[in-house]
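Please keep the sequence and the structure in view while reading.

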Amino acid sequence: MNTQDTQYLQDMVDTAVAALEDVKAKDIVIIDTSGKTSLFARMIVAGGDSTRQVKALANHVAVALKEKGYQLLGAEGEEAGEWALVDAGDLVVHVMLPAARDFYDIEKLWGEG
């Protein structure tokens, strides 16, 4: 990854983390997946205390990324609110309730837990 790509990716991650912090996300973890998959370079996992907060967190991340000019490829899970995903290509953001996060244990799955 060249310097320009690295700066682009870091800005995208910083934007998403700031959006998560804005709505009081819990236990934000950034995982470097660049050596593990070619589908995306970074993954962020964060927690919310309620379905309402999970929905708000995912929406806030999506809006913040769009405002900075990043293209979103999709979003899933906002309806139920137990687990929401925002796909921004090089960055995937998971926002989950504690029970879903414990059950799926994404951090361990990707070697970060």
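The notes below go from the whole chain to its strands and then to individual residues.

This is a predicted model, in which local features need pLDDT of at least 70 and side-chain atom pairs count only at pLDDT 80 or more, while totals for chains, interfaces and linings use all residues. Residues are numbered from 1 along each chain as its sequence is written, and side-chain values use heavy atoms, with hydrogens and water left out. The chain has 4 helices and 5 strands; helices (H or I, at least four residues) and strands (E, at least two) are DSSP runs, numbered from the N terminus.

**Overall form**

- Along the sequence, the elements follow the order α-β-β-α-β-β-β-α-α.
- The radius of gyration is 13 Å, close to the 13 Å that the globule rule gives for 113 residues, so the chain is as compact as a globular protein of that length. This radius is taken over C-alpha atoms, and the globule rule is 2.2 Å times the number of residues to the power 0.38.
- Taken along the principal axes, the box filled by the C-alpha atoms is roughly 40 × 30 × 20 Å.
- Of the 113 residues, 42% count as buried. Buried means under 20% relative accessible area, exposed over 50%, and partly exposed in between (1.4 Å probe, protein chains only).
- Among contacts with a separation of 6 or more, 57% come from residues 24 or more positions apart. A contact means heavy atoms within 4.5 Å.

**Surface and charge**

- The chain exposes about 6,400 Å², and carbon and sulfur atoms supply 49% of this area. Accessible areas come from the Shrake-Rupley method with a 1.4 Å probe, and for residues only the protein chains shown count as cover.

- Strand 2 (residues 42–47) is mostly covered, with 6 of its 6 residues buried.
- In a regular strand the side chains alternate between the two faces of the sheet. In strand 2, R42, I44 and A46 point one way and M43, V45 and G47 the other way.
- Strand 1 (residues 26–32) pairs with strand 2 in the antiparallel sense over 5 bridges; two strands pair if DSSP finds at least two bridges between them. Here D32 has R42 as its bridge partner.
- Strand 2 also pairs with strand 5 (residues 91–96), in the parallel sense and over 6 bridges. The bridge partner of A46 in strand 5 is V95.

- Strand 3 (residues 74–76) and strand 4 run antiparallel and are joined by 3 bridges. A75 has V86 as its bridge partner in strand 4.
- The hairpin of strand 3 and strand 4 has 6 residues between the strands, and G77 takes a positive phi near 85° there.
- Strand 4 (residues 83–87) has a covered face, formed by A84 and V86, and an uncovered one, formed by W83, L85 and D87.
- Strand 4 and strand 5 run antiparallel and are joined by 5 bridges, with L85 opposite H94.
- The hairpin of strand 4 and strand 5 has 3 residues between the strands, and G89 takes a positive phi near 80° there.

**Two buried residues**

- V93 is found in strand 5 and counts as buried at 1% relative accessibility. Leaving aside residues up to four places away in sequence, V93 touches A16, L20, I44, V61, A84, L85 and V86.
- V93 and V45 are 48 residues apart in sequence and 6.0 Å apart in space, C-alpha to C-alpha.
- Q53 lies in helix 2 (residues 51–67) and counts as buried at 13% relative accessibility. Leaving aside residues up to four places away in sequence, Q53 touches V23, K24, A25 and G48.

**Positive phi outside glycine**

- K24 is not a glycine, yet has a positive phi of about 65°. K24 sits in the loop between helix 1 (3–22) and strand 1 and is exposed, with a relative accessible area of 58%.
- D27, also a residue other than glycine, has a positive phi near 45°. D27 belongs to strand 1 and is exposed, with a relative accessible area of 59%.
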